Amino acid sequence: MVSVAEITPVDHSAAGRAARLLSMVRRHRVFAAAFGVGAVLRLITMLGYGPAMWFNDSYEYVSVALHPRPHPIRPDGYSFWLMLLQPFHSFSLVVFTQHLMGLATACLIYALLRIKFRLPKWGATLAAAPVLFDAYQIQLEQLVMSDTQFTLLVVGVITLVLWKRRLSWKAGAVVGFLLALTWLTRSIGLPILALVVLYLIVKRTGWRPIVAVVTACAVPVMAYMAWFATAYGKFAMTNSDGLILYMRTAIFADCNKMDIDKYKEVQLLLLCINDPVNQRKDYAQWYLWGQGNGDGTGTGEVLHRWGANKKWSEITNDAASAFATRAILSQPGDYLKVVARDFFRSFHWARPRFPDESTYNMYQFKPYVEIDGNGQPKRLPKWSSYAGGRTDTDAFAYEQGPPETRVVHPWADIMSGYQKVFYLRGIMLGGILLIGLYGVVVRWRKFGGPVVLPWLGAVGLLLAPAATAEFDYRYVLPAVPLACIAAAITLRRGVTWANWSKYSPKRRAASAPNTARS
């Protein structure tokens, strides 16, 4: 007699979906509670600092969204996102989506560690806690900036690569497309692509998924570069890589040590700084963004010698790149010194006011409205944008109303007080990275195993700005989720009670052969 098992019907009604959701929340109640607190903190932030908060780069992102064209300094990936949301005319919606991105990043971390690597629920929640609770992470999500989108994309790529034991070519295509979006959001996406491809090669994934990754990444990026070429005549992502590297080297470059031919290398001579090295600014950004004295003397930056309209041109960028390369090769010790100094800034206990007071304050929840020199509430700056508009009027046009940040009490007071206590200290990040390094070392026979990908990603995201530009606190935050993933994978056997009990005395005694009967 053959019996046929009945198929249990699945309830697709709203009540059935709600029941399944409630059941899932109960199973993951620890993370659900942390997620809820993180969501409430973000709601308080939106109530206290609407419609959005602003950084110096924010205005250019908005201008490009309104006047689409390739930007000479940074890729337009984030501006494309603003463009999609433009019909709603709401910066509140923009930052709301960014808060959702932050929460989604925490969910990816929890899911990867809990489902793939079998961490206990509290352990996976702990790894996601910095993204959920760090006050500076929440403040970065409230800024009109690309970093939250970039962080989600990077964590999404790492999650997908680690999740698949054998990456298929279809999954590889998804990874490649996400890497393209990462690269189009921030230029640092290129090293992430190289890291992922190298990991897949070492893992012996096979040529099909690797080709799929590279192809799916190359198509959108090459299309963007072709668009860039139509505007600037150069097949590239930006016209700023050489200028930014020049900024990095300007604080130590000594033309007397660089062996510049004054007859054949006039362009390099134009970039020499007249101030003695020991009297220069101690932060590199001045030498790219400072106003200068018009002739390159004093403490002003010398790029104004080329003229305001040619600062971001291809010829200036190429000359700056050649100057920076010569400075690094002529003074490798000085270069390594400034790179190491900026890299280790990430691990201070407190947050030093670097690179300057103005930049530092842009990352703060201030419980008051800023006042200008006339005693009036501070307005957005009236700068000409590279996209063809003006920063303040473009922001007004996007919002269809006043875009300035409105400080609302008591919500602003809550977040201002919260930020003074609840954030990941730099020394804690250093400890997390050391745990991940241990995980890489003990798996040296497997080239670091699954720990090496997020760990190298975290270190790379901290090291790349120090090597090519300058330290900035917002560059630290995208590295934190990857560092937490690496540390959590390292500790999973030490914190998983099921694995620990396998080695307990009772289990060993029970599994030992009973020699008394033999």
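How many cavities of 30 Å³ or more does the structure hold? The structure holds four of them, a cavity being a set of points, on a 1 Å grid over the protein atoms alone, where a 1.4 Å probe fits but cannot get out. The model is a predicted one, in which local features need pLDDT of at least 70 and side-chain atom pairs count only at pLDDT 80 or more, whereas totals for chains, interfaces and linings use all residues. Residues are numbered from 1 along each chain as its sequence is written, and side-chain values use heavy atoms, with hydrogens and water left out.

The largest cavity holds about 160 Å³ of space; a volume is the space filled by probe spheres set on the grid points, which are joined across faces, edges and corners. Its lining is made up of 16 residues, and Ser346, Arg351, Leu424, Gly426 and Val476 lie nearest the centre (lining residues have an atom within 4 Å of a point). Helices α20 (426–442) and α22 (473–476) each supply at least two residues of this lining; helices (H or I, at least four residues) and strands (E, at least two) are DSSP runs, numbered from the N terminus.

Open space can be described in a similar way. A pocket is an open set of grid points with protein on both sides within 12 Å along at least five of seven lines, and the second largest pocket has about 850 Å³ of space. It is lined by 25 residues, of which Tyr199, Arg443, Lys446, Gly449 and Pro450 are the closest to its centre. At least two lining residues come from each of α8 (147–163), α10 (189–202), α20, α21 (452–468) and α23 (479–495), and α10 gives the most, with four residues.

Aromatic packing comes next. The structure holds 22 aromatic pairs, where rings of Phe, Tyr and Trp (its six-membered ring) pair if their centres lie within 6.5 Å, with planes under 30 degrees apart counted as stacked, over 60 as edge-to-face and the rest as tilted. One of these is edge-to-face, because the rings of Tyr61 and Tyr78 have centres 5.0 Å apart and planes at 85°. Tyr61 belongs to helix α3 (residues 58–66) and Tyr78 to helix α4 (residues 77–85), so this pair ties together parts that are 17 residues apart in sequence. Tyr61, at 5% relative accessibility, is buried, and so is Tyr78, at 1%; buried means under 20% relative accessible area, exposed over 50%, and partly exposed in between, with a 1.4 Å probe and protein chains only. In contrast to that geometry, Phe91 and Tyr398 are stacked, because their ring centres are 4.8 Å apart and their planes are at 20°. This pair links distant parts of the chain, with Phe91 in helix α5 and Tyr398 in helix α18 (residues 391–399), 307 residues apart. Both residues are buried, and they form one aromatic cluster together with Trp54, Tyr59 and Trp383.

Ser92 lies in helix α5 (residues 91–116) and is partly exposed, with a relative accessible area of 28%. Its C-alpha atom is separated by 9.1 Å from that of Glu399, 307 residues apart along the chain. Beyond its neighbours within four places in sequence, Ser92 is in contact (heavy atoms within 4.5 Å) with Met46 and Pro51. Pro51 is itself joined to Gly50 by a cis peptide bond, with omega about -5°, and lies in the loop between β1 (49–50) and α3.Helix α18 has Thr391, Asp392, Asp394, Ala395, Tyr398 and Glu399 as buried residues. Seen down the helix axis, these fall within an arc of 165°, so they line one face of α18; the arc is that of the directions from the axis to the C-beta atoms. They pack against α3, α4 and α5. Helix α3 is mostly covered, with eight of its nine residues buried, and its cover includes α4, α5 and α18.

Charges over rings complete the picture. The charged end of Lys281 sits over the ring of Trp286, 4.9 Å from its centre, and that of Arg345 sits over the ring of Phe354, 3.7 Å from its centre. Such a charge has NZ of Lys or CZ of Arg within 6 Å of the ring centre and within 35 degrees of the ring normal. The peptide bond from Phe354 to Pro355 is cis, with omega near 0°.
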